[in-house]
Amino acid sequence: MSVVPAEVLPGRALPVEDAVAEQAAELGPRARLWPALCAVYRAQLSRARVARIPLLFVATFQSIGIMVLMRGVVDGGGEARAVVAGSSVLVVAFVALNLLAQYFGQLRASGGLDHYATLPVPPAAVVLGAAGAYASFTVPGTVVTAVFGCVLFGLPMAHLWILAAVIPLAGAALAGLGAALGLLAPRPELATLLGQLGMSAALLLGVLPADRLPTVVQYARDLLPSTYGVEAFGLTFEAHPDWGVVVLDLAVCAGVGVVSLAIATWAYRRAAVR
Amino acid sequence: MSQPRAPDGARAVPPAQIGTRDPVGSCLVSTRTAQAARQGHGGDVVCAVRDLTKTYPAVRGRRGAPGTPEVRATDGVRIDIRRGEIFGLLGPNGAGKSTLVRQLTGLMRPDRGSVDILGHDIVRHPERAARILAYLGQESTALDELTVSLAAETTGRLRGLDVRSARAERDTVLEELGLAALASRPLRKLSGGQRRLACFAAALVGERPLLVLDEPTAGMDPIARRAVWGAVDRRRAENGTTVLLVTHNVIEAETVLDRVAVMDQGRVIACDTPSGLKEQVAGEVRLELVWRERAPLDVPEVAALRDRAVESGRRWALRLAPEEARAAVAAVTGGAAFAALDDFTLATPSLEDVYLALGGSAGNVRGLVKA
């Protein structure tokens, strides 16, 4: 039961208030990009405890399984490098592309985006926060896969530190793609399907050694952003990596990341206000 | 309740205005405005909606699925919500309440019309809505996997609070709503009512002058409901917070709302205080009869009532003039009919009856749950 009549509320009795009411009221503060991004990131990370951990195991086991399978076919050399690099980046594709596409697809379909859309938060903060969190989820699985692969195929671990660049950059590219797919797909099932397809493409085109693929498929491989992460990572297993090519490959990842995250932000804006 | 009441004459709505195309007339003669006008307070209107119209385009049928015709979800809606009041939107499912709320919160652009909230044009600047109002939608999917504490804190931060004030407000609100014990539990592990209360808590962190609440108490037990209305009243008393409430629950509407707009098929068909609205059907009372097995139609008085009754199983509902009701009660409690009678209730009309009397399209009023 409401016990406060409108007439006795503060401000009602003052004629001055009416004059003020004629003008526009002061707006509440806007959430700035970085604090909002951090808040979204932190909230998304905490979801891992509830929902994501089993899926991280799935991603890691899948990649380790593929490497064990390939062990029988590939015996060292350039092909082994490609398999280990491809399997490691596959973890990123599974989580950042596939799972993020599903998350945004479901959020959009269920009306969950309304929550963010009615808060004064920059769209980029929501997209980047979620994408950053999903890219972070991939860290343990990617590292475990890379180390396991090195041991399995007898590759040097000296340059594994490059993962510190590969995960965020490939993560940005794939998470941006996943977020854009999830937010643009008209139905959540389609978002799931597109995420799965993207991951399958990353699996087939990333893990299988490139020079055994038909030419047409090689072109498709060049179009997939995860390829450049795989290439960059694969090169670092050599005794004297060509760092220029590594940096160039990572720059492609970064560029795709910027573009796809920008598209995802635009898609979020479009999905939030209909 | 120390609310000064206007003489009844000030509140009564001329019957001619009921159900007319422009329901504003009925809005403007309600108690508060009549008083405000007398006291020289012009409008202290927080939210002014004018001619708001949104049409969903027709969907062409595909194989197996029939198409749907064009639907006017809101049709020339005009309402004024005044500072510090709890203004309700009442109506059956599909009446256009949610569409209206989505347009007020900047989530949807209307085809035509204007929304002015505290001097800001929300149609032209939908992004400003988020800085004036807090919205509690029906969905909690964005918060489901967070703990109660983090859901409230994150929402506060996204409303522009810094970490320290977001945490301070979070603690205050959780304490106020009795959620402190559940603070570390994820929302989706909670019961429906508790989850709803947690979402309400998130809506309160980061004070806003206008709260837009879409069925805030759905699924809640009485204790949680009381916590919600207590928190709302506190904010009204301290800050003059205004509340726009969407509800299906007629009982709650009658007890908490200052004014209510009854919506049907996208239009506001009436707008007044709950008691003012009920006066529109004051000439009638509601008689409910429950028969043991079936109605004794061999009794002539009972047979005569049948034409006017809304039957549902053993239960008959009738709207009658008081003297008719008296005669009907005498008939069913006196003679042969009494043996067949299980129970009866005689009540003054509720908002549900108002809705029916105003010619709401849904004759059986499925959406209006009389809980």
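Predicted model: local features only at pLDDT ≥ 70, side-chain atom pairs only at ≥ 80, totals over all residues.
1. Across all chains, the structure contains 31 salt bridges.

2. B:Asp44 sits in the loop between α3 (31-38) and β1 (45-56) of chain B, and B:Arg83 in the loop between β2 (71-82) and β3 (86-90) of chain B, so the bridge ties together parts 39 residues apart in sequence. Are the two partners buried or exposed? B:Asp44 is buried, at a relative accessible area of 4%. B:Arg83 also counts as buried, at 18%, because the cut-off for buried is under 20%.

3. A second bridge joins the side chains of B:Asp75 and B:Arg72, again with an N to O distance of 3.0 Å. B:Asp75 is buried, with 14% relative accessibility, whereas B:Arg72 is partly exposed, at 39%.

4. B:Arg308 and B:Glu324 form a salt bridge of 2.8 Å, N to O. This pair links distant parts of the chain, 16 residues apart: B:Arg308 is in the loop between α12 (300-306) and β12 (310-312) of chain B, and B:Glu324 is in helix α13 (residues 322-334) of chain B. B:Arg308 is partly exposed, with 41% relative accessibility, and B:Glu324 is partly exposed as well, with 34%. Elsewhere, A:Arg42, B:Glu153, B:Arg167, B:Arg170 and B:Asp171 belong to one network of salt bridges with shared partners.

5. On secondary structure, chain A has 10 helices and zero strands. Chain B, in turn, has 15 helices and 14 strands. In chain A, 53% of the 274 residues count as buried; in chain B, 56% of the 371 residues do. Among contacts with a separation of 6 or more, residues 24 or more positions apart account for 83% in chain A and 70% in chain B.

6. For chain B, carbon and sulfur atoms supply 51% of about 15,900 Å².

7. A nonpolar surface patch of about 370 Å² consists of A:Val139, A:Val143, A:Val147, A:Val151 and A:Met157. A:Val147 belongs to helix α5 (residues 123-153) of chain A and is partly exposed, with a relative accessible area of 32%.

8. The UniProt record (unreviewed entry) places "transmembrane region" features at residues 50-70, 82-104, 125-154, 160-183 and 243-268 of chain A. In the model, residues 82-104 of chain A are 100% helix, with end C-alpha atoms 31 Å apart. Residues 243-268 of chain A are likewise 100% helix, and their end C-alpha atoms are 36 Å apart.

9. The largest nonpolar core has 79 residues, of which A:Leu100, A:Tyr116 and A:Phe233 touch the most other members. Helices of chain A that each supply at least two residues include α2 (33-71), α3 (77-110), α6 (163-184) and α10 (243-272). The most comes from α3(A), which gives 18 residues. Beyond its neighbours within four places in sequence, A:Phe233 is in contact with A:Val84, A:Ala85, A:Ser88, A:Ala146, A:Leu160, A:Ile162, A:Leu163 and A:Val166. Another core lies apart from this one; it has 55 residues, among them B:Leu257, B:Val260, B:Leu351 and B:Val354.

Definitions and conventions:
Residues numbered from 1 in each chain as written. Chains lettered and ligands numbered in written order. Heavy atoms only, no water. Helix = DSSP H or I, 4+ residues; strand = E, 2+ residues; numbered from the N terminus. Buried < 20%, exposed > 50% of the residue type's maximum accessible area, 1.4 Å probe, protein only. Contact = heavy atoms within 4.5 Å. Patch = residues over 30% accessible without salt bridge, like charges linked within 9 Å, V, L, I, M, F, W, Y side chains within 5 Å. Areas by Shrake-Rupley, 256 points an atom, 1.4 Å probe, with all protein chains shown as cover. Salt bridge = Lys/Arg side-chain N within 4 Å of Asp/Glu carboxyl O. UniProt positions renumbered as here; feature names shortened; annotations may be inferred. Core = buried A, V, L, I, M, F, W, Y, C linked by side-chain atoms within 4.5 Å.
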